[in-house]
Structures are given as C-alpha cells and as structure tokens.
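Please keep the sequence and the 3D view open while reading.

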Amino acid sequence: MYLTTPFHPRVEARNETGLWSHWSGYLVAEKYQLSEKFEYFAIRNAVGVFDSTPLYKYQFSGADAEKFLSGVLARDIRKCRIGQAHYTFWCDDRGFVIEDGVVLRQAADRFLLTSARPNLAYFSNLIGHDRVYIDEVTEQLATLAVQGPRSRQVLTALAPEVERLDYFHLTEAKLGGTEVTVSRTGYTGDLGYEIWAAADDAISVWDAVVEEGAGHGLLPFGQIALLMARIEAGLLLIDIDFESSRYAWNDEHRSTPLELGFGWMLRGLDPDRAFIGHRAIKREIDEETSRWRMVGLIVDWKAYDEMYQQAGLVPPKDHLPVTEEFMLYDRDYQRVGYATSFMYSPMLQRHIALARVRPDLAQVGQAVDLEVTVNHRYQRVAAHVARLPLFNPQRKTA
Amino acid sequence: MAHPQKRRYDAIVVGGGHNGLVNGAYLAKAGLETLIVERRHLVGGAAITEELVPGFWFTTFSYALSLLRPDIIHELELTKHGFMPLLMSSTFAPGRDGEYLLFGQDHQRNLKEVSRHSPRDADAYDQYEHDISRVCQALKPLLDNVPPNLFSKDPEELVAMSALAQHMRDLEPRVLHNAVRLLTGSAADFLDDYFESDLLKGYLASSSIIGTKVGPRSQGSGLVLLYHNLGEHDGVFGAWAFHKGGNGGFTQVLARAAQAFGAEILLEAPVSAVTTSNGRATGVALEDGTEIAGDVVVSALDPRRTFLELVNPRQLPADLVENIERFRFQGTSAKVNFALDGLPTFPGLGAGPDLYRGFTNIGPSMDYLEKAYDEAKYGWYSSAPYIDGAIQSTIDPDMAPPGKHVMSCFVQYAPYHLKGSDWDRERDNLGDVVQRTLESFFPGFSSLILHREVVTPLDIERVVGLTEGNIFAGEFLAPQMFFFRPAPGWNQYRTPIDGYYQCGSGTHPGGCVMGAPGKLASQQILKDRQQAR
C-alpha cells in the first residue's frame, strides 16, 4: 500500500485529474488541473505550491556535526553559516557523485539535509568516532514548496520575516499559528521558498498559504509542472541526468562533479579538507580528465521547423519533459555527447535540453546536432550549447 | 513635445503600433539608424494596456495573441525582453437554459463535452480540427512571405507566381478544396457539413465574424474563420494566449526589443506629412513644424492615412487613389471593459475560476450571431450582441487587485455608421446593451461592476487612428486580401513614391497582432536598399 503525506487530505481534494504517481512510496499528484502547463505558468507568473514531503530528510546534530559533514559532503559546509543553506553533493572515494541535496544549517551543531534516495546507512557507516547523531526525519517533517514571483508577497503577509530572507537562507517563523522553518530554496529556478513544518501542522500551513494566495493566482502544482520548471532551471534529477555511483553498474553510468557542472561548488578548494573523493577530484581538475561537461542545449528553431515542414508535419512543441537519451553529433557524424532531458520551453519558446558533451565542445555557442526521430527515421537537427540555467530570472536571487 | 536625437535617419517609421515596432526593430537590427514616431504618449497602437482605475489594468482594444508569427519571436529575441504568452486553459461558451460548452486542455475530455450535446459531433469535431489544421499548414507559408505581384512582368515575380501555383498544385485535392471553400464561402456552410449542435456551431462560427461586417451565413465569413485559425500558440493552430500584462505588455516587449537593436522611439510626435522631393520621400514633418530627414519612410498607418493623408494623393496614380478610396473599412466592433468585484456566476456552475481562464464566448447559436448581424446591416448595433469576454486577471494576477478582476469584452456588431444617431449619443446605450446581455447569461453580473469603459468604433478611430474603427486596418474581404491588399499592384509594401513604404495591417497578410506586415515590409525595404547599391 502506498503512503500519503501529511498534506494528503488537501492534495486529494484539489486533485481534479485523478492522476497520481508514486514518489519514494508516497502518493503524489501528477497534476491537479487538466493542464500541467497552466500549473507551470503559476510557477512562472504567479505562485504555486508543491508538496515535496517525500524527499528524504536527515537531521545531523552533535558537537562534531560540522566536522562530519565537511568530511562527507564535497561542498565545504564550514562556509555555510547558521541560517544559511547550501546546495551540495557527496561523492565516493573515486570522485564519482553519489547524490545531491540541500542542507540547511539551523544551528552551529544542527543541520538538515535532503536527498532523493535513502542514505542513512551510508552516512551512519561513516561516523567513526565523531560525536554526531543522524536521525531520519522524513515522516516527521512536512515540506511545502511555495514558488513563483508572488511567493514572497504571499508568505510575507503571513510571516513578515520572509520579506528580507536572502537566497539560500532560512528563518524560523510563525505561520498559520504554527512554528515553521522557511528557507528560500526550491527546485523551480524561480523566486521561491520551502516551508518545513511538523507533520501535525501540515494542514494548517497549507490552509494558511492557500488562503492567502487565493487572490494571487495561487495553484497547487504537480510532478509534471515541477519537472518542466527544473529543466529550464538547469537542476539535475537523479536517475534521469545522472546515477548514484553507489548503484551504477559501470563507470559509463557514473559522473564526476565536474562532469555534472558542480565545479562552482568546489571553487577555492581547501587542500586540508579531506572529504570523500577529494583526491580523485583534485586529480581530475589538475589533469583535466573529465569526460563530459553538463550543458544546456537550445535547438535551432528554424532548422527544427524546416525539418518537420519538409516531412509534411506540423512542428511539435510539446512542453512535456522527455527523459530518454538523445544522441549528439558533430558535423562529421561523430557522437560527441547525449541529452538526458528534453522539452519545449514555453518561457523560452524553444526546444531545450540538459545534455553532456565532450569538454572541448562545452563553450557557449558551440554547434552540435541533436538526433530526433521524424517520420520514424533518425534525423539530426542543429542545436547550440548554452549556459545553465537556461531560464534564470533576476527575481530568483534578488 | 520630445525631440529626435538626430536630424537625419536611415529610416523613419510613422506609427508605433505593433507593426511599426516590428518593422522598426527589423530595420534597426539590419543596421539602419531607425526612428519610430508615435502620435500618442505610449506605443502599441491598438495593442495597449492602461490602468484606468488604480490597480485595474485594461486591454482597452486588442486583448489576446495568436497570429503573431513565431519567427518574429525568435528573430527579435523577444523572450529576452519579457515575451510571455500565458496559457488560456479553458474556453467557456454559455448557452441558454443552463446549457454550456466548457473546453479545457484535455482533448479527449473536450470530445466528451461535445458529445454531451451531440454524440456524432464528437468525431466530427476531431475531423473538423484536422481539416482546418491541414488548410492552415498549407496556407501558412503565404503569411510568412511577401506575396507575388500578380500584375508584374518582372521575371522574379513570374517565378514567384509559378512557385505559388506549384505549391497549390502540390496540395492534396481535399486540402485545396477545403481552402477554397473557406476562402470564398460562408462559415455556416462549412460548419453545417460537420456539426448538428447549435451551441457548438455558434461557438465555432464566432471566429468567422470577428472584426468583420459579415454574418456567419455571409459568403466571406469562411475566410475570417480560417484567418482566426491560422494563428498558433506553441505549435497548436488556432490556439490563443494572453500576453503577460495584456497586449500592451506585448507591445512594451516589442518596444524594448526595437530599442535594444538601436531603434529610437519618439512619443507624442504626430506626423502631419511625409515630405517628398522629385517623387522621392525625404522624411517627415511633425505637426509642430519639426522636419526630420529620412532615406526611407515607412507608414504603419492604415491605407487611407498612408495614401490619402500622409502624402498628397495628387502625387499618386489615379487608379491607386480610387482603389484606396473604395477600400472597405466599415468598422463594426466595439469593446466594453469592466472592473469587477468578483467572478460572474453561471447558473449551475457557480463562479469557479476554471470557467474563466480563457475566452468566454457569448454566441450560443448561429442564429444568435446572424440575428446580431441583421441589425448591423440596417445601420444599428445588435440588441443581443456577440461578446468575446476575457477575464485576464484569472491568469495574470498583476492585472487586478487580489480578489478583483478585469473583464475585456469584444462586442459585435457595432457599425461605425449609425442610421439616425451617432456614437457619442449611443455610447452608454451600447454599454447598457452589453451589460444586459451579460446579465442574461450571468445573473447578478451588474452588481459586480466597479467600473465600465465603453469603446465604440468612433473611439477606436479617434484614439488609435484606425479609419472607421476597423480593427484590421481594412476589412478581411477576398477583394482586399493577398494580391489586392491594400490595392492591386501595391501589395508588396512599396508605394509609387520612392523610399516610401507601408507596413500596417492594411497590407498583406492583414490585421490581428501578427507582426507579419511589419516584418515583410522590412525585408522589402532592405532588399530595395541592397539593390540600389
């Protein structure tokens, strides 16, 4: 039997489609409205709420919590101040990425880390003599993402401290009569927040936010709209854009942080911090042995349209994310990479993709050919490399 | 009045409506020092959004987007400047006695909705959409290219004519025949071949009359129906979107794009005349006496103003003057815009926002539309008018305060020439008629009204400058399209005066917020400049 999140009574009441899927064992809405695209526009032009409770959540505490995490997480947690959050990742000792997640620093000795897959045994086995306690709080904490240009206005009306909350920062707040943590984080690449509340308080949090947002075009949004937004935002998804090195069958299915575009989190790498994978990563940096670079791709609109017109078809502009692999070629028909997430972006009015290409072809503007099928035949269409995120509004960090 | 930064420009565009902006942006992008002069205090022409009541943003005239050519979005890099076509997720067509059609984004669900009224209309609806899309796909290239000059012996034109003939010959007979049926026949005949539901036919036939003085049973309404399906949104023919901030939001995007390419925009600068010397345009004279020199002058105004007002008709061939004088404008559309205290209630369905996240189509049967037209034929406005409502604030919360709404109502028929009265006398009466009509579908509607704005064809003419208030800058009638828009032999954006061009909706392919006239005119201008070198 599937599980339900603490928001479920409200989620169920709002889901007009009867379409559900399972996420980490929980029942979640694919979409609430008959149009996922309409929900997507709530994220980009108004405000949307998303139940992200199924994410695994781990509480790290104890005198050595910082020391422990600075040895486990690849991004230097010591630079994360109290009240701040980090997007982070962790690697195996060969410098391959296991997973990514967001860590909130709630106190000097208290951290909350999210992950897409269970990691409790992995982290626990690394404790050694450190004074650190790891508790899984997935079920105890309900998480509601409030995303979109109006999210600040809606939340500030409920909790004034949100107004001045900086990007990737968090604050304690009282919302709908309950104590919550609000972080300025999310998976949409837009202005947005996540509310972390005790499971018992979930309904009152939902009600307060939804009521306040009613005049602001607020809509709950489902998995599909989220997955559209995250491609535009250049946010990677495990098992789609990369695989955990723990479960990959071979290195073709593993990725290094540099290959995934995580290099920015390793800038100013402290040579004295011996986190897991640091030697391999340093070697990769020094010897430039990366096989790939994660890039954005923008398909040439004219070439795309002409290709379909010549085939006697109306060029499809489908916003539904396609998460199959599409091969990339150079002009000599040599394979130079592959795309892992592909969609038509209504905001950018282009077909876009997240892709990995050979490092020498990763510069912005580099032309590559993307292989698609037209009239049941493989065809190549011109595309070019673009910087991630492909959609990056000022309001996200302003 | 503001002053231009320079005394001389490569190109001066008269009129900052959407086509003027598109034209100016393309010319600037090609490296021409370009000035766009606009009479009013804001650009956009008929595509503007105004805050008439604090917090309420009205799309005074034009109110939705569909026919905008996708290549313009890309070539002018509009997404960089805020281009954002918001999805309209539903269409609501109320009928009488609690009947209604509510379409959403789930196609199969929509077929069930059709089926509720007539089971046989369900797959007929699929067939209809497919047939129309095939015709649109076939005719789309005509929107995106300068039409050939039918009367020219120039080898280039003969080649273009032969290519056009070849394109038509390559079409499947069914597609070509449907195209001809639509281009020459009535929407009613076409729709009757598919459907039996009055409500469905009324809804579909509504697209056959918009902006045009025809009823659904008039020959020629098929062309208007086809035209409104030729638009596309994210790859779907006939789909519409609301631009962020209304169509005024869109023209502000165009203005930013034009400026980013280097075009200069001069506001509150009414042009009194295009100056000429020895049969060549030399610039423009503003009403305040300022003269600005330009190698090229482009009129984005309608054909009457372009040929009979900005230049002296005596400079033009007599047959062109005659053709422009008899070019039909006969505006027949009005707008009534409301600020509302809440959403209207439809009996049985309530006031849920999902009813209103798109067009609300008041045209419950073909008879209703035809009767509305009957009154216009005899010089009066409809006592039960066709209304295309749009409560844009359900989609874009920036258009009204939280919980409040703006509703744009496109109204037909409201003929420019009234028999025995005038629009200054009838303005409020028209507002009352529209209000009463809405009240009959949505009981209690009037009690929601916080503010009402009535825009008659006369107001459209006065404010925007569109002759007789015709929203397309000239009727969509076969003798005024393609080879003949705006006049035989002058369908390629040039004029008899060297260096003087036309780029408004009165040129091919025509009106709606399409931008194609502006773009195609720029291509012609740039080609001529290249050849002159």
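The domain assignment divides chain A into domain 1 (8-50 + 139-221), domain 2 (56-125 + 256-290) and domain 3 (293-395); such bounds come from an automatic or database domain assignment. This is a predicted model, in which local features need pLDDT of at least 70 and side-chain atom pairs count only at pLDDT 80 or more, while totals for chains, interfaces and linings use all residues. Residues are numbered from 1 along each chain as its sequence is written, and chains are lettered from A and ligands numbered from 1 in the order in which they are written.

Taken over C-alpha atoms, the centres of domain 1 and domain 3 of chain A are 32 Å apart. Seven residues of domain 1 of chain A are in contact with eight of domain 3 of chain A, where contact means that the C-beta atoms, placed from the backbone, lie within 7 Å. On the domain 1 side, three of these residues are nonpolar, one is polar and three are charged. In this grouping Ala, Val, Leu, Ile, Met, Phe, Trp, Tyr, Cys and Pro count as nonpolar, Asp, Glu, Lys and Arg as charged, and the others, Gly among them, as polar.

Chain A has an open sheet of five strands in the order β5-β6-β7-β4-β8, with antiparallel pairing. Strands are DSSP runs of E with at least two residues, helices are runs of H or I with at least four, and both are numbered from the N terminus; two strands pair if DSSP finds at least two bridges between them. The edges of the sheet are β5 (85-91) and β8 (133-136) of chain A, each pairing on one side only. Seven bridges link β5(A) to the antiparallel strand β6 (residues 97-107) of chain A, and W90(A) stands opposite E99(A) in β6(A). Helix α3 (residues 65-72) of chain A lies across β4 (56-61), β5 and β7 (110-115) of chain A, at about 130 degrees to β4(A). Such angles run from 0 to 180 degrees between N-to-C directions, with axes fitted to C-alpha atoms, for helices over the stretch in contact.

Eight bridges join β18 (residues 367-374) and β19 (residues 377-386) of chain A, and E371(A) stands opposite R380(A) in β19(A).

Where does chain A meet chain B? Here 22 residues of chain A are in contact with 20 of chain B. Helix α2 (residues 36-45) of chain A gives the largest share of the chain A side, four residues. That side divides into 12 nonpolar, seven polar and three charged residues. Because 10 of the 10 residues of α2(A) are buried, this helix is largely enclosed by the rest of the structure; a residue is buried if 20 or more other C-beta atoms, placed from the backbone, lie within 10 Å of its own. The buried residues of α2(A) pack against elements including β3 (47-51) of chain A and β5 (85-87) of chain B.

Chain B itself has 16 helices and 20 strands. Of its 533 residues, 55% count as buried.

Technical notes: Two residues are in contact if their C-beta atoms, placed from the backbone, lie within 7 Å. A residue is buried if 20 or more other C-beta atoms lie within 10 Å of its own, exposed if 12 or fewer, and partly exposed in between; C-beta atoms are placed from the backbone.
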